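Let's take a walk through this fold together.

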Amino acid sequence: MSLLPLHGRARVLGDDVNTDYIISSRRKKETIDPLQLRRYLLEDAVPGFADTVRCGDVLVAGHNFGCGSAMEVAVTVVLGAGIRAVVAKSFSRTYLRNAMNNGLCAVTADTSGIAEGTPLLLRRDEAGALLLDVAEDTTLPCDPIAPFMLEMLNAGGLIPYLRARGDFSP
C-alpha cells in the first residue's frame with residue numbers, strides 16, 4: 001500500500017509545538033495506548049482540538065515541531081487520532097526520527113500561507129519530487145524524503161518494514 005498520494009484537511013498550529021503540547025506527559029501515566037490517548041491530543045495547547053479531528057487530517061506547523069522530550073507517544077497519539085502526516089517548516093531531530101520509525105509521514109515545506117481547513121494533497125510528481133498541493137491553486141515544493149524512508153513509511157514504520165524485509169539490505 002502506498003502512503004502517497006495523501007489527501008487531507010489542514011489543521012494549522014504554530015512554531016515550537018513541543019511533545020508535551022502534543023500529549024501531556026501526565027497522560028502517559030494512565031496509558032500509552034494511542035487509541036485511548038487520542039482524546040487528549042493537543043489538549044493543553046488547543047483545548048477541544050481532539051474533538052474536531054477527522055481521520056485523514058494533516059497537521060501543519062511552523063518551525064521546530066516536536067521539540068521537547070523524546071517520548072515516542074507524541075508520535076503514536078497523532079497516528080491514533082487518524083492523522084497520517086505532519087507538514088512543518090522544521091522538526092526536532094528526535095521527533096522526525098520517531099515519526100518515520102512509527103510510520104507518520106513528516107514533511108518539511110514552507111507552510112506560511114496554509115490556512116486552517118484548507119484541502120491538501122501530498123504527492124510525488126513524475127520525477128519523484130515531493131509536492132504539496134494547497135487547495136487547487138498553489139503547489140509547494142517539499143524537502144525530499146529518501147527512497148528508503150518512503151519504503152519504510154509505506155510499510156507502516158520501521159518494525160513492519162523489518163518484518164517484511166528481514167533487514168536493511170537493498
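## Strands, rings and cysteines

In β2, R11 finds its bridge partner in L59. The model is predicted, so to speak of local features a pLDDT of at least 70 is needed and side-chain atom pairs count only at pLDDT 80 or more, while totals for chains, interfaces and linings use all residues. Residues are numbered from 1 along each chain as its sequence is written, and side-chain values use heavy atoms, with hydrogens and water left out.

Strand β1 (residues 6–12) pairs with β2 in the parallel sense, over three bridges. Pairing here requires at least two DSSP bridges between two strands; strands are DSSP runs of E with at least two residues, helices are runs of H or I with at least four, and both are numbered from the N terminus. Seven strands build an open sheet with mixed pairing, in the order β4-β3-β2-β1-β5-β6-β7. At its edges are β4 (105–108) and β7 (138–141), each pairing on one side only.

Now to the rings. The structure holds three aromatic pairs. Rings of Phe, Tyr and Trp (its six-membered ring) pair if their centres lie within 6.5 Å; planes under 30 degrees apart count as stacked, over 60 as edge-to-face and the rest as tilted. Two of these pairs are set out here.

| Pair | Centre distance | Plane angle | Type |
|---|---|---|---|
| F65 and Y95 | 5.1 Å | 85 degrees | edge-to-face |
| F148 and Y161 | 5.4 Å | 85 degrees | edge-to-face |

F65 sits in the loop between β2 (58–61) and α4 (73–80), and Y95 in helix α5 (residues 93–102); this pair links distant parts of the chain, 30 residues apart. Both F65 and Y95 are buried, where buried means under 20% relative accessible area, exposed over 50% and partly exposed in between (1.4 Å probe, protein chains only). Together with F91, F65 and Y95 form one aromatic cluster.

F148 belongs to helix α6 (residues 147–155) and Y161 to helix α7 (residues 158–165), so their pair ties together parts that are 13 residues apart in sequence. F148 is partly exposed, at 30% relative accessible area, whereas Y161 is buried at 4%.

What about the cysteines? The whole structure contains zero disulfides, a disulfide being a pair of cysteine sulfur atoms within 2.5 Å. For C55, the closest cysteine sulfur is in C105 at 15 Å, too far for a bond. C67 is in no disulfide either, and the nearest cysteine sulfur, that of C105, is 20 Å away. C55 is exposed at 73% relative accessibility, while C67 is buried at 15%.
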